[in-house]
Amino acid sequence: MKKLIMICFLIAAVSFCKAQETTEFKKVTYPTGYTEQLNVVYAKVGDWEGKMDLYLAPQEKGPSPIVINIHGGGFNKGSKESQTGFNTFFKNGYSVANIAYRLVQVAPAPAAVQDVRCALIYLIKNAKSLNIDPNRIVIMGGSAGGHLALMGGLLGNDTKFDNNCPGVKDVKVAAIIDKYGITHVGNWKSRSATWWLGERSNDQAFIQSVSPLYQVKKNSPPVFIVHGDADPVVPYQQSVDLKNKLDEMGVKNKFMTVPGGEHGKFPADKNSEVNKAIIDFLKELGIHK
């Protein structure tokens, strides 16, 4: 049985690599005055390099707020190159850090969480040279990326997953944008969850340690949640549970339900409503004018 599992893993890994090599994506476009730094290495783990693409706001306007964007894909697919919809943030003066992280084909849990924390810490350490405001960092993702955004921000100064990137004493996030993310990995009944948890799929203490629902504290950052109530991939209840926990702990939040919305497949008008609601939420927090 172990041999069969290993063969399946290798087949999946090879297929994944070929797909990554052959897929072409549109380039990110940004306003005049913005600059880009592509494939910046934010962390190294063995032979693996964690890379991010930076789109930086004009220097003359002073340190800018920044959005860390995390792609989804069930922890086993997806890439930063697939992410291009940042115009709403550019129009409001945000810089963007679009990050890659280790998928399960490279390393199981908690590797992806460690990488997100390293990306966050890299930006804090290099805030001055990148002309970004470390007090106005927003972390955002959808699906598995939503889970990772929540973990990265809710951990705060809990350094249990920061062993690859020590050195910052005050790790903070101004806001989290969670788009239909997994909030309790143990209650997400899917092959992706089992694969990502690996040999620790029955370790309840570990599962809680990588589940955002258990990281919420009274001083957690404000959270914006959006979820379709007809989502067939990540149950809507996952976001309901997070909303209830945030309310219980007195953490500022906004929960936006998309009636009939599936897994990220919202009508164009609803996407526009979601983008506006996110910007309004961040403006209310004072992250931008």
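Helices here are DSSP runs of H or I with at least four residues, strands are runs of E with at least two, and both are numbered from the N terminus. This is a predicted model, where local features need pLDDT of at least 70, side-chain atom pairs count only at pLDDT 80 or more, and totals for chains, interfaces and linings use all residues. Residues are numbered from 1 along each chain as its sequence is written, and side-chain values use heavy atoms, with hydrogens and water left out.

Is T183 buried or exposed? T183 is buried, at 1% relative accessible area; buried means under 20%, exposed over 50%, partly exposed in between, with a 1.4 Å probe and protein chains only. Leaving aside residues up to four places away in sequence, T183 touches L150, S211, P212, L213, Q238 and L242, where contact means heavy atoms within 4.5 Å.

Now to helix α8, residues 236–249. The buried residues in α8 are Q238, S239, V240, L242 and L246. Their cover includes α5 (144–154), β6, β7 (223–228) and β8 (253–258). Just after α8, G250 has a positive phi of about 75°.

Next, the strands. β7 and β8 run parallel and are joined by six bridges; strands pair if DSSP finds at least two bridges between them. V223 has N253 in β8 as its bridge partner. Together β7, α8 and β8 form a right-handed β-α-β unit, meaning that, with the strands pointing away from the viewer, the path from the first strand over the helix to the second runs clockwise.

Methods
Expected span 1.5 Å × (residues − 1).
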